[in-house]
Amino acid sequence: MIERWLRPDLRDLFGYSMLASPEDVAAAYGISPDRLIRLHANENVYGPSPRVYAALAQGAWHQYPDPQGRALRRALAEYTGLGPEWIALGNGADDVIDLLARLLIGPGRTALIVEPTFEMYALSVRWHGGKVLTLQRDEAFHIPLAELLEAVHRHRPAAIFLASPNNPDGTLLSEEILHALLAEDVMVIVDEAYFEFSGHTFASWLPKHSNLVIVRTFSKWAGLAALRLGYALMHPELVRAYDEVRPPFNVNLAAQQAALVSLEDRAYLLANVARLVAERERLYQALQEFPFLRPFPSRTNFILCQVVNPDAHRLWEELLRRGILVRRYTSPELRNYLRISVGRPEHTEALLQALTEIAGEVPHGPS
Ligand SMILES: Cc1ncc(COP(=O)(O)O)c(C=O)c1O
């Protein structure tokens, strides 16, 4: 009845909602939310800085926030080493990505995306009426540079989205690839959502390359996923254009205040990041001991695992029955993979115990 009112070009997106709550998924397996170990969304188990709670105890909540987010942009300028005029804010990196798609790719324009990667790039481009052109990474998740350049020459995309490190495999974008792309007439958007975990950034390339955009978030390193604060680092002219197409109050005051104190308390937060990186390495070693798993080395707070003796979906279910939610995939190229977020040591222990149990019940792996 309603469908005839909806944009026909969006029709095949409807019905694939990603909004299923983890609690509902767990409840379907008889797991209560307070027992659920959430290793599916790359959240930061250590949470925000304690100073965030104090910062949120007061605020001029009855007034509209600064639409320019000036205080936060000044603090980010110090954090990133770029001027505030190079910084644009968003309601999470998702919003930044969406606004970039709005600004750069609309009807009649194309974005190039190398799969598998973060789902929001393709979705945002399509929401804005742009065309998505996809290439595939190879089996080791390497980007085929020659093919990529050929696609740029042939299809003349307005922008390319790449994540460094990439979600889901956790590997960095190579300098060689970024260099080659920046030499082309295309906007290159590099998503560094996991920068603090990888310790690697291309931010120093910005002053020399006006077609480079870097996207970051406070969701992962600063534990602010619920408050929603993302930002882009890009040429000041692009920042001004971005500001023209976004809702003026897209970043709420609570998020601005929380991000500000997070930057002030970065020593505390980065110590948690270091803890998670150490735990990631321990988890990686431990996962290698299971003959039915092939974990990939990662520069993030998650580890992608190939489930060698299928079926990954059966393993996902067995883990969930034991109260552990990890990320599974339905796309053919990732059907045999699970992505596991790094948690506290006790979460690792629970996961390893569950995997040992499952391996014991199904001696040749969960086939
Ligand atoms: C590569 C990548 N970019 C962006 C995001 C979204 O970040 P935010 O919570 O700031 O929207 C994620 C979240 O998982 C991600 O993996």
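This is a predicted model: local features need pLDDT of at least 70, side-chain atom pairs count only at pLDDT 80 or more; totals for chains, interfaces and linings use all residues.
Student: Thanks! Why is Phe141 called buried?

Tutor: Its relative accessible area is 5%. Buried means under 20%, exposed over 50%, and partly exposed in between (1.4 Å probe, protein chains only), so Phe141 counts as buried.

Student: And what makes the phi of Phe141 worth a look?

Tutor: Phi of Phe141 is near 70°, a positive value in a residue other than glycine. Most residues other than glycine have a negative phi. Arg156, in the loop between α6 and β5, also has a positive phi, near 45°.

Student: Is Arg156 buried or exposed, and how do you know?

Tutor: Arg156 has a relative accessible area of 52%, which is over 50%, so it is exposed.

Student: What makes the bond between Glu115 and Pro116 stand out?

Tutor: That peptide bond is cis, with omega about -5°. Most peptide bonds are trans. Pro116 sits in the loop between β3 (110-115) and α5 (120-127). A cis bond also joins Asn167 and Pro168, with omega about 25°, and Pro168 belongs to the loop between β5 (159-163) and α7 (175-182).

Student: Asp169 is in the loop between β5 and α7 too. How do you know whether Asp169 is buried or exposed?

Tutor: Its relative accessible area is 0%, under the 20% limit, so Asp169 is buried.

Student: What makes the pairing of Asp169 with Asn166 a polar contact?

Tutor: The distance between their side chains is 2.6 Å. A polar contact is a pair of N or O atoms within 3.5 Å; within protein, one must be able to donate a hydrogen and the other to accept it, and residues adjacent in sequence count only if both atoms are side-chain atoms. The side chains of Asp169 and Thr171 are joined by another polar contact, at 2.4 Å.

Student: Let's turn to the ligand. Which residues come nearest to the ligand?

Tutor: Ala93, Asp191, Thr217, Ser219 and Arg228 come nearest, out of 13 residues around the ligand. A residue is near a molecule if one of its heavy atoms lies within 4 Å of it.

Student: Where is Ala93, and why is Ala93 called buried?

Tutor: Ala93 is in helix α4 (residues 93-104). At 10% relative accessibility it falls under 20%, so it counts as buried.

Student: How many aromatic pairs are there?

Tutor: The count comes to 13. Rings of Phe, Tyr and Trp (its six-membered ring) pair if their centres lie within 6.5 Å; planes under 30 degrees apart count as stacked, over 60 as edge-to-face and the rest as tilted.

Student: Why is the pair of Tyr194 and Phe302 called edge-to-face?

Tutor: Their centres are 5.1 Å apart, within the limit, and their planes stand at 80°, over 60, so the pair is edge-to-face. Tyr194 lies in the loop between β6 (187-191) and α8 (195-198) and Phe302 in strand β10 (residues 302-307), so the pair ties together parts that are 108 residues apart in sequence. Both Tyr194 and Phe302 are buried.

Student: And how do you know that Arg339 lies over the face of Phe302?

Tutor: Arg339 is 5.5 Å from the ring centre of Phe302. A charge sits over a ring if NZ of Lys or CZ of Arg is within 6 Å of the ring centre and within 35 degrees of the ring normal. Arg328 lies over the face of Trp316 as well, at 3.5 Å from the ring centre.

Methods
Residues are numbered from 1 along each chain as its sequence is written. Side-chain values use heavy atoms; hydrogens and water are left out. Helices (H or I, at least four residues) and strands (E, at least two) are DSSP runs, numbered from the N terminus.
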